[in-house]
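Hi there,

Here is the structure I promised to pass on to you. Have a look at it first, and then read on for my notes on what was found.

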Amino acid sequence: MKAETLRGMVTSAAMAALGILLPIAFHAVGLGSKFMPMVLVLMLNGFLSPLPWAMLTGAVVPIASGLMTGMPPLYPPYCLVMSPEMAMVSGLAAALYRLSKRRIWPALVTAIVFDRVASIALTYALAGRFGLPPRIVSIASFAQGLPGIALQLTVIPLTVSALARRRGILFHPDHEPETPLL
């Protein structure tokens, strides 16, 4: 097995565990849906893992978490909606980060915008199916996630930059990290 494959597998497994455990902590104090901890972890995994592992982890974690913890809920089937959304967001972050020569900001901002657009569209569609006013539910969902966007814009650049400076096994020795602050 290649070192990069093993590194991606181990990193994704650790991020999957964090993606299940961190939302429990946030929801315990009533901050889960506001700070979107699962989205934070799965998007971060896109920066740390190769594309296939990031997408696989993004697809599996919402369903596994829904089955184990009830978050995201199985009914309405939000975990089934979140699964492809997180796979695409994680994959987009992974692909753009590597295509932009490991520049954090273009990949992060694009992934966040894509995530919010997908979330609004899926929320709108689901609200209509469950007899809720789609426009109001979509706007409320977006507004409620604003603290999570701020957290992503803070935590992900700082974490990726700090890990890249460590010159550990997550990054190649010739990689120069982008400065996380503008």
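Asp115 counts as buried, at 1% relative accessibility; buried here means under 20% relative accessible area, exposed means over 50%, and partly exposed is in between, with a 1.4 Å probe and protein chains only as cover. Its partner is Arg116, and the two form a salt bridge whose closest N and O atoms are 3.1 Å apart. The term stands for a side-chain nitrogen of Lys or Arg within 4 Å of a carboxyl oxygen of Asp or Glu. Arg116 is buried as well, with a relative accessible area of 7%. A search of the whole structure finds 1 salt bridge.

Before going further, please keep in mind that this is a predicted model, in which local features need pLDDT of at least 70, side-chain atom pairs count only at pLDDT 80 or more, and totals for chains, interfaces and linings use all residues. Residues are numbered from 1 along each chain as its sequence is written, and side-chain values use heavy atoms, with hydrogens and water left out.

Ala13 sits in helix H1; helices are DSSP runs of H or I with at least four residues, strands are runs of E with at least two, and both are numbered from the N terminus. With a relative accessible area of 47%, Ala13 is partly exposed.

Next, the start of the chain. Met1 lies in the segment before helix H1, which covers 3–28. Is Met1 buried or exposed? Met1 is exposed, because its relative accessible area is 75%. Together with Leu6, Met9 and Val10, Met1 makes a nonpolar surface patch of about 410 Å². Patches are made of residues with over 30% relative accessible area and no salt bridge, where like charges are joined within 9 Å and nonpolar side chains (Val, Leu, Ile, Met, Phe, Trp, Tyr) within 5 Å. The areas come from the Shrake-Rupley method with a 1.4 Å probe, and for residues only the protein chains shown count as cover.

Now to how the helices pack. Helix H3 (residues 37–48) and helix H4 (residues 51–69) have their axes 9 Å apart and pack at an angle of about 160 degrees. That makes H3 roughly antiparallel to H4. For these values, axes are lines fitted to C-alpha atoms, for helices over the stretch in contact, and angles run from 0 to 180 degrees between N-to-C directions. Angles under 35 degrees count as roughly parallel, over 145 as roughly antiparallel, 65 to 115 as roughly perpendicular, and the rest as oblique. H3 passes H4 in a right-handed crossing; a crossing is right-handed if the near helix is turned clockwise from the far one by less than a right angle, and left-handed if anticlockwise.

There is a second pair to look at. The axes of helix H5 (residues 78–99) and helix H6 (residues 104–129) come within 9 Å and cross at roughly 160 degrees. H5 is therefore roughly antiparallel to H6. The crossing in which H5 passes H6 is right-handed.

Gly58 is in helix H4 and is buried, with a relative accessible area of 0%. The C-alpha atoms of Gly58 and Pro84 are separated by 7.5 Å, although the two are 26 residues apart along the chain. Pro62 and Val81 are 19 residues apart in sequence and 8.9 Å apart in space, C-alpha to C-alpha. Trp53, also in H4, counts as partly exposed at 24% relative accessibility.

Finally, a few notes on the loops. Which peptide bond is cis, with omega near -5 degrees? The answer is the bond from Met71 to Pro72, and Pro72 is found in the loop between H4 and H5. Met36 belongs to the loop between helix H2 (32–35) and H3. Its phi is near 45 degrees, a positive value in a residue other than glycine, and Met36 is buried at a relative accessible area of 9%. Arg102, in the loop between H5 and H6, has a positive phi near 60 degrees and is likewise a residue other than glycine.
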